[in-house]
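This report describes one predicted complex. The sequence and the model are shown first, and the notes follow.

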Amino acid sequence: MNQVQIGQPGPDGVSFGTRKAALNNSLAQAYAQGDPRAAMKPYDRAGMSRGAGQMAQGGIDATQKMASGIADAYTQDAQVGAYNAANAYANQQGQQQFALQQAALQQQDAYAQAMANLQRRQQSMNFVSGLLGGLLR
Amino acid sequence: MLTYQNTFNPPKPVDDTQRAAALSGLRMKNPYAAYGQQGQDIMSALGDQNAAQYNLAADKANADMEQRKTAAQRDFALQGLQQMSQARQNQADYNNARSAMGYGLVSNLLSGLFR
């Protein structure tokens, strides 16, 4: 059943659990990249033994991947935080606007009713005044 | 444009079966077995990260949908209130026109009788 509901709290945005899981898994992925042994493999050449240079380069590559992975993870987490904040703000703004529009509408409605009543009273006054004018002529 | 179909009756979000099917590709065997356990660890971490990213994207999409739905509900509610107010004004106009007719009739009648 779809019903219009007013005054309900707004949508929550990205849940805390999902956000935490995304951060933790991104960090874990970055830390896994930090293992230099996997980063050394691309420098293996057939028939050549692994050397210190290859190990050093592997270490550098792994550290770079890990560092950029960690930075990406925290950047994304900050973006999710900003997204949630923007969502909450938009919702608050919508609520406020809705309340203002409702107030304006009520004011307009009350004014229209008052004008209609006034018009009715004017009609009866005109009638009575016409009647009296005719009688006392 | 917001319509009933995309606000109050939106398509269902992706269910767990579809999610599992989408992720099964990530749980495939490591094609770079030669990279050893470190490669497996990285592949596994990438798979988990991907799953978490998917959930994050799904949460965002659902939040966006909820936001739009809430906004549409407010719009509909306001439109309803406006129409109710307009209907009241129309009713008052009608009543006033009717009483003006009555007053006019009686007043013409009286002035005709007592001329």
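In α1(A), the buried residues are A:Arg19, A:Ala22, A:Asn25, A:Ser26, A:Gln29, A:Ala30, A:Ala32 and A:Gln33. A residue is buried if 20 or more other C-beta atoms lie within 10 Å of its own, exposed if 12 or fewer, and partly exposed in between, with C-beta atoms placed from the backbone. Seen down the axis of α1(A), these buried residues fall within an arc of 160 degrees, so they line one face of the helix; the arc is that of the directions from the helix axis to the C-beta atoms. A:Phe16, A:Gly17 and A:Lys20 are exposed on the other side of α1(A).

This is a predicted model, in which local features need pLDDT of at least 70 and side-chain atom pairs count only at pLDDT 80 or more, while totals for chains, interfaces and linings use all residues. Residues are numbered from 1 along each chain as its sequence is written, and chains are lettered from A and ligands numbered from 1 in the order in which they are written.

Helices (H or I, at least four residues) and strands (E, at least two) are DSSP runs, numbered from the N terminus. The expected span of a helix is 1.5 Å times one less than its number of residues.

| Helix | Residues | Length | Span, first to last C-alpha | Expected span |
|---|---|---|---|---|
| α1(A) | 16-33 | 18 residues | 26 Å | 26 Å |
| α3(A) | 52-135 | 84 residues | 123 Å | 124 Å |

In α3(A), the buried residues include A:Ala62, A:Met66 and A:Ala73. These three belong to the largest nonpolar core, which has eleven residues in all, B:Ile42, B:Met43 and B:Ala45 among them. Such a core is a set of buried Ala, Val, Leu, Ile, Met, Phe, Trp, Tyr and Cys residues joined through C-beta atoms within 7 Å. Two or more of its residues come from each of α1, α2 (36-40) and α3 of chain A and from α3 (36-113) of chain B.

The contact between the chains takes 45 residues from chain A and 40 residues from chain B, where contact means C-beta atoms, placed from the backbone, within 7 Å.

Chain B has three helices and zero strands. Of its 115 residues, 10% are buried. Its average pLDDT, the predictor's confidence in each residue from 0 to 100, is 80, and 69% of the residues score at least 70. Within chain B, the mean is lowest in helix α1 (residues 4-7), at 56, and highest in α3(B), at 90. Where pLDDT is low, the predicted coordinates should not be read in detail. For the complex, the predictor gives an ipTM of 0.76 and a pTM of 0.69.

Technical notes:
Two residues are in contact if their C-beta atoms, placed from the backbone, lie within 7 Å.
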